[in-house]
Amino acid sequence: MSAFRCDLHIHSCLSPCGEDDMTPFSIAGMAKLNGVEVAALTDHNACGNCGTFFHACETYGVVPVAGMELTTSEDVHLLCLFPLLEDALAFAKAVDRNRVRIRNRAEIFGRQLLIGPDDEATGEEKDLLINATTLSLEDAAALVKEYHGAAVPAHVDREGNGIVAVLGDLPETPAFAAVEYRDGANIVRYEKQYPRLRGKRKIVSSDAHRLWEIAEPGYEIELNCKKDAGAETVRKALIDYLNGV
Amino acid sequence: MTVREMADALNLESIAVSDGERTVSGGYAGDLLSWVMGRAQAGDAWVTIMSNPNTVAVASLADVSCIVLAEGVRPDKGVAETAMSRGVNILGSEEPSFALCVKIAALL
C-alpha cells in the first residue's frame, strides 16, 4: 500500500462553469506545483479535453485519470472515473446519445472550449453540457461499469446536485462503494445524519473550476500498489479502491 | 375526496394504487426529496417529476395520500412494485406540475 495525493474532481474550460484558463496544461502544471500526484479531469457530461490532459500530465509527471461529472436524470452529479483514456472516451460517446440537446448560451453559462495538443482552443461544444441527461442513476452506474470505471456520488455534502439533497438519502441501489465530499470537515456530521453514508469509502476533492482551487497538496488515498508503479497500475488500483475491491 | 375520486375527476393514470379510499386532504409540489421530506404534510397529494425509488420512501415517511407523477414521467424500474408493497399510491399524468396543482386545488 502507498499513499497518493489525489485531486479527482477538476473541471477544464470545456465545462461552461470552468474558467477559460483551465486548459489541460495549466491544470496539470498547477497540480504538479501543488504536489498533487494523481489528478482527474471531470468535465460535465463530456470527456473532450481528456486526451490533451493525458499529454499534459505526462509532460509534468502527474498521473492522469480520465473522467466525467455526469448529471443523471434525477439531477444528481455522479463522478465517473476510468482506468484507461479509451474507456472514458467510449463512455463519453455512450453518454452523448443520452444528452438532452439545448444550445449553450455562452453569455449566460460560459464557453465550452475544446483544447488541442498544443493547449490552444480548437473548437467549442455547441450544446449545453451541464443539464441532466436521460440516464437514471441506475442506468448511469451500469454504464460506468460496462466501461470498467468507478461511479462515485459527487459532493454528497452539497445542496445543489448532491445525491443526499436530491434524493433525501443515499439510495439502496445502485450500491456505491465510495462517496465524495467537497469538505472533509462535513464527514462526521453527514454520517451522523445519514447512516447509509457510514462505512462508505470517502474521497475529498476540490471540484476546481479555477486554477487556484486545485487541491494543495491533494487529499491522500492509500492505494494497493507501489509508489513508482506507473500511471496505468496506479489508475487500476484507484478504480479498484473506488469500487470497494 | 378520496385518491380514487381525484384520479377519476382528473383522468389520472393509476400506476400503483393499493389504497384508493385514502382521503386527499391537501397538496404539495416539489422534486428535491430532502426538501419535500420536511415539508409535505400527511394526506397531501404530492405532485413531482422525481421517479426514483427514494420517492416512495419519502412518500411513506411523509405519509402523503398519493404521489402524482407529472409531465408523463414513468416510474423507474421496480418503483411501482415497491409502492404497492408499502401501501403508497402512485398516479400519473401527462400534464405539467403547475397545471395539475391548479386542478387539484380546485377539487379540494
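**Terms and values in a two-chain model**

Biologist: Why is B:R22 called partly exposed?

Modeller: B:R22 has 21% relative accessibility. Buried means under 20% relative accessible area, exposed means over 50%, and partly exposed lies in between (1.4 Å probe, protein chains only). At 21%, B:R22 therefore counts as partly exposed.

Biologist: Before we go on, what are the ground rules?

Modeller: This is a predicted model, so local features need pLDDT of at least 70 and side-chain atom pairs count only at pLDDT 80 or more, while totals for chains, interfaces and linings use all residues. Residues are numbered from 1 along each chain as its sequence is written, chains are lettered from A and ligands numbered from 1 in the order in which they are written, and side-chain values use heavy atoms, leaving out hydrogens and water.

Biologist: How do you know that B:R22 and B:D63 form a salt bridge?

Modeller: Their closest N and O atoms are 3.3 Å apart. The rule asks for a side-chain nitrogen of Lys or Arg within 4 Å of a carboxyl oxygen of Asp or Glu, so this pair qualifies. B:R22 sits in the loop between strand 1 and strand 2 (26-29) of chain B, and B:D63 in the loop between helix 3 (53-62) and strand 4, so the bridge ties together parts 41 residues apart in sequence. Helices (H or I, at least four residues) and strands (E, at least two) are DSSP runs numbered from the N terminus.

Biologist: What makes the pair A:R99 and A:E125 a salt bridge?

Modeller: Here the closest N and O atoms are 3.0 Å apart, which meets the cut-off. The two residues are 26 apart in the chain: A:R99 lies in the loop between helix 3 (85-96) and helix 4 (106-109) of chain A, and A:E125 in the loop between strand 6 (121-124) and helix 5 (137-146).

Biologist: What makes B:N11 stand out, and why is it called exposed?

Modeller: B:N11 is not a glycine, yet its phi is positive, near 55°. This residue belongs to the loop between helix 1 (3-10) and strand 1 (13-16) of chain B. With 70% relative accessibility, B:N11 passes the cut-off and so counts as exposed.

Biologist: How much area do chains A and B bury between them?

Modeller: About 810 Å², with 51% of it on carbon and sulfur atoms. Buried area is the accessible area (1.4 Å probe) that two parts lose on being put together, summed over both. A:E74, A:V166 and A:L167 supply 44% of what chain A buries against chain B, more than any other three residues.

Biologist: What scores does the predictor give the complex?

Modeller: An ipTM of 0.79 and a pTM of 0.92.
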